[in-house]
Amino acid sequence: MTDSGQVFHISTKKIAPVTKKVVLSDAAEKRAKEIIPLYPQSRSAIMPLLYIAQDELSYISQEAVEWVADKLSLPPVQVWEVATFYTMYYKKPVGKYHFQVCRTLPCALRGAKMVSDYLREKFNLNPGEVSADGMWSFEEVECLGSCGTAPMCQINDVFFENLSAEKLDTIVERISKEKPDLRFSTVRDELGAGLAGFPKSEIK
Amino acid sequence: MSDPVTPKAPEVVNLTIDGKAVSVPKGTNLIEAAKVAGVEVPHYCYHPHLSVAGNCRMCQVSVKGQPKMTIACNTNAAEGMEVATHETSKDVADSQAAVLEFILINHPLDCTVCDQAGHCKLQDYHFEYNARPSRFLEDKVHKVKALPLGPNVMLDGERCIMCTRCIRFCDEVTKTSELGMLNRGDQSVIAVSPGRELNNALSGSVVDLCPVGALTHRKWRFNTRIWFTKQTESICPGCSTGCNVKVAERDGQVTLVKARRNDAVNKEWLCDEGRYGFERFLPKSRITHAVSNKGGAISNSNISEAINALKGQLKTVTVLASPELLVEEYYLLRQLMLRASSVSRAVIAYRGRTLSQVEEILVSPDYAANFRGAQLTGLVGESPEQEYQEVLGKIRRKEIENILILGDRAIDSRDMDEALIEGLKAAKVSVALISDASSPLAAAASYVVPGRGILEKSGLLLNRALRLQYAQHVVPLVDGTTPEWRFLAMLADAANIKIVSGDLKAMSDRDLTRWYLATDPVLAPQGLTIQTIKNGGVPLEAKGLSVGQSKTDVSQGASPSVA
């Protein structure tokens with residue numbers, strides 16, 4: 001698990017506390033204002049707010065955590081607890097196309113290792129690394145809830161299921177050529193156009 | 001007069017634990033109920049003064065009628081419950097052994113270099129409840145080692161068993177929430193938020209709470225093995241809260257200060273200033289010989305020279321006493337002064353302080369551990385700080401001729417200025433019983449006699465809430481030193497003042513305390529013994545006593561004698 005890039009380590013170096021507050025776009029600030037009153041306990045809004053911050057800042061940086069903590073009047077460490085527990089919050093910058101390969105039992109039995117090895121070789125990357133051109137990155141994650149269509153992976157916010165080496169070839173080739181929008185925007189509440197021919201997942 | 005409202009008797013439930021019938025108040029959990037039955041249920045994450053987390057799974061017991069084992073910390077005693085612990089149920093014992101095996105899977109087993117070894121719950125419980133070699137052949141997970149969480153506390157992530165006591169302490173007690181648990185599963189690690197640190201007034205308490213060696217004091221890491229130290233149960237003299245502590249000492253050095261549980265005083269917390277500042281009560285360089293200082297000519301002296309110089313001046317002497325002398329010493333001093341004259345005067349170095357929000361949880365707003373003791377014996381009045389400052393003013397104006405200084409802290413270091421030292425030098429006779437050679441008092445007084453600090457004496461302290469507690473001497477005694485009370489007894493003898501019918505000078509600390517408890521007109525009817533006081537202290541207010549009471553009683557002419 002140590003090589004998957006999921007584990008967040010605290011640096012032993014002195015880090016200055018964030019003094020300058022990060023300001024997100026008006027749309028994001030507005031969305032945050034809508035979300036917070038939906039929860040009787042403001043603490044419950046940590047997850048949707050982390051999504052907003054990730055949308056805007058591309059990953060969960062120290063500034064992003066402080067932004068969420070400030071919005072909810074929580075100690076920042078409690079936001080870190082949530083952000084580091086889940087794999088869908090990126091604790092460091094990822095590539096433009098980020099593969100999350102499920103490696104839990106059903107996928108593992110159906111060939112998750114093949115998917116990982118394919119990506120490793122194809123992009124010459126280890127889990128957690130980003131390719132030199134900033135296009136590709138991948139990591140191994142736990143169950144994404146799509147066991148019936150194993151093996152599978154999630155690229156940005158879209159599921160790609162029943163994977164095989166040939167299918168991966170097609171996907172990678174088409175993504176490089178077409179540069180599709182595979183992101184779900186929490187702020188606009190909509191999923192990108194996706195990749196034609198592949199089912200568009202409804203992740204919210 | 002209206003009847004005081006009688007508190008409703010708490011509802012009691014009856015249950016059996018390992019066949020033993022016990023009755024406990026409703027709402028008591030099974031760990032506490034088992035304690036009543038004399039069974040210790042092993043546990044890591046449970047702490048009586050923190051919320052129940054229930055994550056270590058060590059405290060499992062079996063309850064008749066329930067298909068699975070249950071955790072004792074999160075199960076309240078109920079009427080008719082039949083509980084079996086590891087002592088009678090093999091299933092429970094096996095289950096606890098399995099839990100320990102799981103907890104130890106990723107534990108580095110570095111006891112040989114761990115400061116907690118010797119007082120570690122993992123070691124103790126493994127020996128008691130598992131004691132099997134590990135069957136784990138795979139690689140262990142590696143985590144952060146030696147990560148400073150703040151100025152006082154160091155984290156070893158691999159030793160941590162994720163009991164979350166430290167997190168709950170910061171969330172629930174100090175309410176500062178610096179700590180959290182990052183990542184998940186076997187990668188979980190205790191952490192502070194990047195850019196912040198664990199830096200509150202009680203931060204050292206998380207080390208006491210840590211059942212393993214994951215959190216250690218940065219000040220005392222790799223200092224000594226705990227079994228080479230002498231551990232003494234005593235009272236912290238830092239302020240008048242009187243926190244109960246356990247002090248480990250080796251070769252005259254304090255090597256660890258731990259909070260000792262006393263629910264009525266400090267629960268199990270201790271402030272950083274008291275804990276890490278414990279050594280300030282030890283002299284930097286020890287005075288071992290009496291010296292006299294006549295007009296700048298310093299020569300060797302002895303204690304009788306100082307006493308001879310002082311005995312004729314008792315009517316006019318002004319006594320400056322440390323705020324952490326023993327109650328017995330204040331009592332002796334008061335008796336001596338009552339019998340010598342009414343002109344002489346005594347003050348203690350009371351200094352008030354303002355507290356931060358976190359400090360207010362535990363710390364008292366003063367640096368005077370035993371000012372209540374001085375008030376109890378009638379030595380000082382309601383406003384000790386004002387009296388003290390008055391006397392300092394007089395010394396600065398060179399209005400005082402004869403001065404007796406009892407203890408290093410009889411003059412607070414913040415009050416020590418040029419004018420004061422000049423005033424002391426100008427006095428006709430000034431005798432100082434101090435232990436620190438680097439103190440300015442050592443050069444200013446005309447006679448310096450090696451005294452004993454609060455860590456070198458055993459006796460009574462009265463805390464701010466009027467709880468009488470017993471402090472035991474922590475560091476080994478140094479030859480040639482005289483405790484303040486013995487000096488006072490010798491002074492009384494030399495001046496032909498009879499305080500007691502026996503010979504006080506020949507007594508030990510314990511004899512003195514016994515004598516005092518049997519003699520003080522207020523305390524004597526209570527029939528207190530050192531043993532009863534040691535066991536959590538005795539609240540005087542609950543016994544209908546308040547400070548200032550002895551003042552009248554003593555001046556009405558009680559004639560105390562040795563019991």
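What covers the buried residues of α3(B)? The cover includes α2 (90-103) of chain B. This is a predicted model, in which local features need pLDDT of at least 70, side-chain atom pairs count only at pLDDT 80 or more, and totals for chains, interfaces and linings use all residues. Residues are numbered from 1 along each chain as its sequence is written, while chains are lettered from A and ligands numbered from 1 in the order in which they are written.

**Helix α3 of chain B**

- Helix α3 of chain B spans residues 121-130. Helices are DSSP runs of H or I with at least four residues, numbered from the N terminus.
- Its buried residues are B:L122, B:Y125 and B:H126. Buried means that 20 or more other C-beta atoms, placed from the backbone, lie within 10 Å of the residue's own.
- Down the axis of α3(B), these residues fall within an arc of 105°, so they line one face of the helix. The arc is that of the directions from the helix axis to the C-beta atoms.
- Just after α3(B), B:A131 has a positive phi of about 50°.

**Nonpolar cores**

- The largest nonpolar core has 180 residues. Such a core is a set of buried Ala, Val, Leu, Ile, Met, Phe, Trp, Tyr and Cys residues joined through C-beta atoms within 7 Å.
- A:V68, B:L320, B:L333, B:I348 and B:I405 touch the most other members.
- Helix α8 (residues 327-340) of chain B gives this core its largest share, seven residues.
- Another core, of 23 residues, lies apart from it; A:V115, A:F138, A:V141 and A:A150 are among its members.

**Helix pair in chain A**

- Helix α1 (residues 26-35) and helix α2 (residues 46-57) of chain A pack at about 175°, with axes 10 Å apart. Axes are lines fitted to C-alpha atoms over the stretch in contact, and angles run from 0 to 180 degrees between N-to-C directions.
- α1(A) and α2(A) are therefore roughly antiparallel, a term for angles over 145 degrees.
- A:A28, A:R31, A:A32 and A:I35 of α1(A) meet A:P48, A:L49, A:I52 and A:E56 of α2(A). Contact means C-beta atoms, placed from the backbone, within 7 Å.

**Helix pair in chain B**

- Helix α10 (residues 384-396) and helix α11 (residues 418-426) of chain B pack at about 70°, with axes 7 Å apart.
- α10(B) and α11(B) are therefore roughly perpendicular, which covers 65 to 115 degrees.
- B:L392, B:I395 and B:R396 of α10(B) make the contact with B:A419, B:L420, B:G423 and B:L424 of α11(B).

Terms used:
Helix = DSSP H or I, 4+ residues; strand = E, 2+ residues; numbered from the N terminus. Parallel < 35°, antiparallel > 145°, perpendicular 65-115°, else oblique. Contact = placed C-beta atoms within 7 Å. Buried ≥ 20, exposed ≤ 12 C-beta atoms within 10 Å, placed from the backbone.
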